[in-house]
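Thanks for coming. I will go through one structure this morning, so please have the sequence and the model open.

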Amino acid sequence: MYPLALEQQYGELFREEFSIFASEVNRKFLGIAKKYIRENPNSDPRLDSVASNGQDQTEVKNDVSDLLKSLFELRDEYGDFPPRPKFESQIKRNIHQIDAWTRDKTGALIQGQNELMGSPPRAGVSGGDRSQFRVPAVSLPTNESPMIWNRVNETINKNRKIASSAFKSHFSDVQTQIEDGIRNGTSYQDIAKKISDTTDVSQARAEFWAKDQAKNFFAEQTKIRQTSAGFPGFYWKTQKDSRVRDTHSDLQDKYFTWDELPFLNRKGLGLVRTKPGDEWGCRCWAEPARGPKEIKVNNPSQPSIQVQSREPNLSDSLISKVQINSKELFVPKVNQSLSDLSAIYKVPSSLTPFKVNTMAPKFQKKNVVGYYDPENSVIALNPSSIFGDVIQSTFIHEFGHMIDYKLMGPSGVFGSQSAALASFKTAIVGTKLYESLKLAYRTGMVNRSGKLLTLPSRLREGIPYLLSVEEFFARAHEMYIARKLGSSELLRQIRKKEEMNFISHYWDDEDFKKVEQVLDKIFNESGILK
């Protein structure tokens, strides 16, 4: 019943509209910036004031008073950042589509309930002995509750404001980058690149907000319609796929009343009553019901449903939680890595059980060292002796993918790809490693021991994978664990893998410091560190 297609449609609408806005604003900002930045070393800069250093050279003093005036004028041009009329119309249409979905699907579910309970034919339907039926028919009211339409209008207005907030936030971020760049003497190309990276993060955040709004609206409208139709409760339904939270899978097909929702331990909120659709990325829905098929499973004074969300449960060791389906020589090293990780992490219930398997031959032939399969919660490792010396860091790399997928953001996606870890992506794009990888992809050249070498096409084509944010997260996790443990052995393995890959794709110690700080904050806030 969950409107997956409508949620996706609404997210894409916000993403596309934000792209239009950002493209226009970025172009205007960069047009202003060009007046103050010397793009070509051989051309004369625009000087607000100059001073001679005594050697016939001119030092530019970055007086930005004219720049600020231009930026303020641009800010006034956008006012309160209202959405375009066409976009406002699309917001309204999408919200009405989601509302119509809840109306039609709820009506169909209620009709099905009536048939199961032996309800009589509705007025105007001939045939049948009405006295033999147990209960009167129930249908959605012809004139729906004012709460329905109030909620529709409130959501439309709220989403207009969310769109304006997204536009305003991006404008402010880019304005700051322009001002700081000019003051610090940053080149035009570097400023443009920073703006491009900021736009990617802002665009993803706008899409995430839109999907979250669609989900919340669907959940609220479903509740209002079902209670208005006289249904005191519902059966919790999930999508029954690998993206469903473990805690929600535990609630599948269980009955709850709207007044006594199940207790879930939600990140940042603690133990609270929760209905389908309340949590990030939740695609669960409520099937209307008059009562449980068996005894009710909860009561308000002593709740029996106290399910942990994506928060950790303590355990002494990861080793007891892992199923190792291999007899390869790498097993003792995996056990050592599990022991190392147990010294750092509390063991989250949503991470277990997971499996460690020998990699399938077809991947071994491609010289893949390891991979993580999120659908089956499997880490697969290559048993080849070629990789025996780097198997521990590889396992920790794949374990990082698992943490990213299961703990770091909305259920069913890699958290590093979501707005929830925007701080991580911001830290990444500010590193020298990120710049060097992008340069290598753009030019097809790498610097090896002071020599510029041309990359084979196969290696160059693999750089976008190295630049993916989830891959950055796993490599950052490797280095984070190695430094947390103070393990020179793990750091040695990381450097050896870098040599094997030909392209430098790990940070040096200084370059990694900011990333390490962000990861430390993320892991501490998630509660998984001991």
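This is a predicted model: local features need pLDDT of at least 70, side-chain atom pairs count only at pLDDT 80 or more; totals for chains, interfaces and linings use all residues.

The strands are β9 (322-325), β10 (354-358) and β12 (378-381), and the helices are α9 (391-407) and α14 (469-485).

Which residues of α7 are buried? They are Val 331, Val 334, Ser 337, Leu 338, Asp 340, Leu 341 and Ser 342. When you look at that list, keep one general point in mind. An α-helix has 3.6 residues a turn, so residues three or four places apart point the same way.

Now the chain as a whole. It has 16 helices and 14 strands. There are 530 residues, and 47% of them count as buried. Take the contacts with a separation of 6 or more: 73% of these come from residues 24 or more positions apart.

Next, the aromatic residues. The structure holds 31 aromatic pairs. As an example, take Phe 234 and Trp 258: their ring centres are 4.4 Å apart and their planes are at 40°, so this pair is tilted. The pair links distant parts of the chain, since Phe 234 is in strand β3 (residues 233-237) and Trp 258 is in the loop between β4 (255-257) and β5 (263-266), 24 residues apart. Are these two buried or exposed? Phe 234 is buried, with a relative accessible area of 0%. Trp 258 is buried as well, at 7%.

There is also an aromatic cluster. Its members are Tyr 10, Phe 14, Phe 18, Phe 21, Phe 29, Tyr 78, Phe 81, Phe 87, Phe 167 and Phe 171.

On to the pockets. The largest pocket has a volume of about 990 Å³. It is lined by 33 residues, and those nearest its centre are Asn 367, Val 368, Val 369, Tyr 465 and Asn 501. Which elements supply at least two residues each to this lining? They are β11 (370-373), α9, α12 (457-461), α13 (463-467), α14 and α15 (488-501). You will remember α9 and α14 as neighbours of the buried residues of α7. By class, the lining of the largest pocket has 16 nonpolar, nine polar and eight charged residues.

The second largest pocket holds about 800 Å³ of space. Its lining has 36 residues, with Ala 204, Glu 207, Gln 417, Ser 418 and Ala 419 nearest the centre. Helices α1 (4-33), α5 (188-228), α10 (422-429), α11 (432-443) and α14 each give at least two residues to this lining. The most come from α5, which gives ten. The lining of this second pocket divides into 16 nonpolar, seven polar and 13 charged residues.

Last, the cavities. How many cavities of 30 Å³ or more are there? The count is six. The largest cavity has a volume of about 60 Å³. Its lining consists of Gln 239, Arg 243, Val 244, Arg 245, His 248, Gly 281, Cys 282, Arg 283, Cys 284 and Ser 411. In that lining, three residues are nonpolar, four are polar and three are charged.

That is the end of my part.

Definitions and conventions
Residues are numbered from 1 along each chain as its sequence is written. Side-chain values use heavy atoms; hydrogens and water are left out. Buried means under 20% relative accessible area, exposed over 50%, partly exposed in between (1.4 Å probe, protein chains only). Helices (H or I, at least four residues) and strands (E, at least two) are DSSP runs, numbered from the N terminus. Contact means heavy atoms within 4.5 Å. On a 1 Å grid over the protein atoms alone, a cavity is a set of points where a 1.4 Å probe fits but cannot get out, and a pocket is an open set with protein on both sides within 12 Å along at least five of seven lines; lining residues have an atom within 4 Å of a point. Grid points are joined across faces, edges and corners, and a volume is the space filled by probe spheres set on the points. Ala, Val, Leu, Ile, Met, Phe, Trp, Tyr, Cys and Pro count as nonpolar, Asp, Glu, Lys and Arg as charged, and the others, Gly among them, as polar. Rings of Phe, Tyr and Trp (its six-membered ring) pair if their centres lie within 6.5 Å; planes under 30 degrees apart count as stacked, over 60 as edge-to-face and the rest as tilted.
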